Amino acid sequence: MEYDIKKEYCKIIQNKINMNEFDTALDNAEKLIAHSPEYSEGYYYRGLCHFALGNLEESINNYEKCIELDHEFAKAYYNLGVTTYYLNKHKSALNYIEYANKLFLKENNKEAHAKCLDSIEYIKEEHGL
């Protein structure tokens, strides 16, 4: 079996995020991107870290780069929606989450689909959209 450094970085980043060690996770996301700048997951994880650290604009930039590299990265669309929501751009947030929902349905990801529906319903009810 061939060693895949990208997958190893992803495992490390996921573990650091799960342990709330976002600075360390971010450092590893940076290393992943430096090693593989066309690998969408590096930007996804860097977006997660920036969101957790309160850097919402940086988070958005990374989710957008992730999506640029992989137009069907459903989790990036969902998190882009959540981050956009926190910036009080509710209509844009709704659009991103609705699109993520379509991708999750296409993937047959029932858990993520249910999460999207809850988010969509909440945004619509709270903001009259």
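Author: This predicted model holds six salt bridges.

Start with Arg46 and Glu30. Their closest N and O atoms are 2.9 Å apart. Arg46 lies in helix 3 and Glu30 in helix 2 (residues 22–35), so the bridge ties together parts that are 16 residues apart in sequence. Arg46 has a relative accessible area of 17%. The cut-off for buried is under 20%, so Arg46 counts as buried. Glu30, at 35%, is partly exposed.

Helix 3 spans residues 40–52 and also holds His50. His50 is buried too, at 9% relative accessibility. Beyond its neighbours within four places in sequence, His50 contacts Leu26, Asn55, Glu58, Ser59 and Asn62.

Next, Glu68 and Lys65. Here the closest N and O atoms are 3.3 Å apart. Both residues sit in helix 4 (residues 56–69), three residues apart, which means a separation of about one helical turn. Lys65 is partly exposed, with a relative accessible area of 25%.

Then Glu98 and Lys124. The closest N and O atoms of this salt bridge are 3.8 Å apart. The pair links distant parts of the chain, with Glu98 in helix 6 and Lys124 in helix 7 (residues 110–127), 26 residues apart. Glu98 is partly exposed at 26%. Lys124 is partly exposed at 35%.

Helix 6 (residues 90–107) also carries Ala100. Ala100 is buried, with a relative accessible area of 0%. Apart from neighbours within four places in sequence, Ala100 touches Ala74, Tyr77, Tyr78 and Cys116.

Note on methods:
Residues are numbered from 1 along each chain as its sequence is written. This is a predicted model: local features need pLDDT of at least 70, side-chain atom pairs count only at pLDDT 80 or more; totals for chains, interfaces and linings use all residues. Side-chain values use heavy atoms; hydrogens and water are left out. Helices (H or I, at least four residues) and strands (E, at least two) are DSSP runs, numbered from the N terminus. Buried means under 20% relative accessible area, exposed over 50%, partly exposed in between (1.4 Å probe, protein chains only). Contact means heavy atoms within 4.5 Å. A salt bridge is a side-chain nitrogen of Lys or Arg within 4 Å of a carboxyl oxygen of Asp or Glu.
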